[in-house]
Amino acid sequence: MPAPISLDPTGSILAYWGSELRRLRMEAGLTQRELGERTCYSTSYVGHVETAKRHPSRDFAQKSDKVFNTDTLTRLWGLISKDAYPSWFRPYLEIEREARTIKNWEPVLVPGLLQIPDYARAVLRSTNPRWDAQRLEEAVERRITRQELLSRQDPPTLLAFIDEGVLYRPIGGRAVMRAQLTHLIESAEGRDRVSIQLVPIDIGAHAGLTGSIIVASFRGQPDVVYLESLWRGEVVTEADGVETLIGQMDAIRVLALSQAASLSMMRKALEQWT
């Protein structure tokens with residue numbers, strides 16, 4: 001049997017997590033193959049995680065903790081989850097977690113903070129066709145994990161502005177769209193700090209057609225804007241840029257229906273998928 005690959009646990013948070021996994025596995029007297037069998041993951045996956053070549057999923061962390069009768073790996077997973085995102089997206093993660101109000105305009109898709117797993121999976125699969133099944137599931141898990149900020153004790157206010165056409169774009173098929181629209185309706189009705197307003201498709205040309213915009217507001221700090229393209233995202237903090245983009249967001253907001261009218265429109269759209 002080849003000697004295990006050495007790993008410096010001080011090299012990164014991911015390396016420390018991998019070294020903890022290896023320590024717990026060896027203390028339990030398990031091989032990588034045996035741990036993989038008990039957690040329903042491949043031997044190569046366990047090896048790659050131990051050597052910091054791959055980010056572990058939360059599911060793997062939880063299943064491993066169950067095997068070892070501990071909560072160490074799940075607790076540490078929160079420290080490394082941010083590192084699993086592309087470098088250009090990480091600054092926005094901090095912004096999202098600290099914001100008191102998030103205004104999100106989406107002309108094409110349901111906002112990420114309101115996507116259900118099957119909808120997110122369909123979107124991520126179509127935009128990343130080279131990903132294998134495991135990498136796809138890890139990305140879905142990260143997206144859904146972000147939504148936990150809406151359930152925390154003091155959540156931010158989410159003001160979602162969505163183009164009506166999003167309700168009729170068949171992402172993932174009829175069953176997925178039915179579940180996604182149901183989730184939107186339940187979120188708008190059941191969460192005090194979540195508002196969903198639709199921009200009718202018959203408005204025609206308007207300021208929001210060029211792409212999504214997220215405006216994050218804070219207590220005692222200037223607003224920050226996040227833009228995302230097909231290639232990467234960008235955090236805008238320059239005063240002139242922020243002012244221009246907030247103006248664009250305001251132009252979109254005045255076109256949006258009230259939440260009551262939007263709920264009525266979502267229920268009507270839901271009938272199409274039922």
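Reader: Which side chain does Glu96 meet in a salt bridge?

Author: Glu96 meets the side chain of Arg146, with 2.7 Å from N to O. A salt bridge here is a side-chain nitrogen of Lys or Arg within 4 Å of a carboxyl oxygen of Asp or Glu. Side chains of opposite charge can pair when their charged atoms come close.

Some ground rules come next. This is a predicted model, in which local features need pLDDT of at least 70 and side-chain atom pairs count only at pLDDT 80 or more, while totals for chains, interfaces and linings use all residues. Residues are numbered from 1 along each chain as its sequence is written, and side-chain values use heavy atoms, with hydrogens and water left out.

Back to the pair. Glu96 is buried at 1% relative accessibility, and Arg146 is buried too, at 15%. Buried means under 20% relative accessible area, exposed means over 50%, and partly exposed lies in between (1.4 Å probe, protein chains only). Because Glu96 sits in helix α6 (residues 90-98) and Arg146 in helix α8 (residues 133-146), their pairing ties together parts that are 50 residues apart in sequence. Helices are DSSP runs of H or I with at least four residues, strands are runs of E with at least two, and both are numbered from the N terminus.

Another salt bridge joins Asp154 and Arg100, whose closest N and O atoms are 3.0 Å apart. Asp154 lies in the loop between α8 and β2 (157-163) and Arg100 in the loop between α6 and β1 (101-106), so this pair ties together parts that are 54 residues apart in sequence. Asp154 is partly exposed, at 35%, whereas Arg100 is buried, at 16%.

Salt bridges can also share partners: Glu20, Arg23 and Glu27 are joined in this way into one network.

Lys63 is partly exposed at 32%, and Asp59 is partly exposed at 27%.

A search of the whole structure finds 17 salt bridges.
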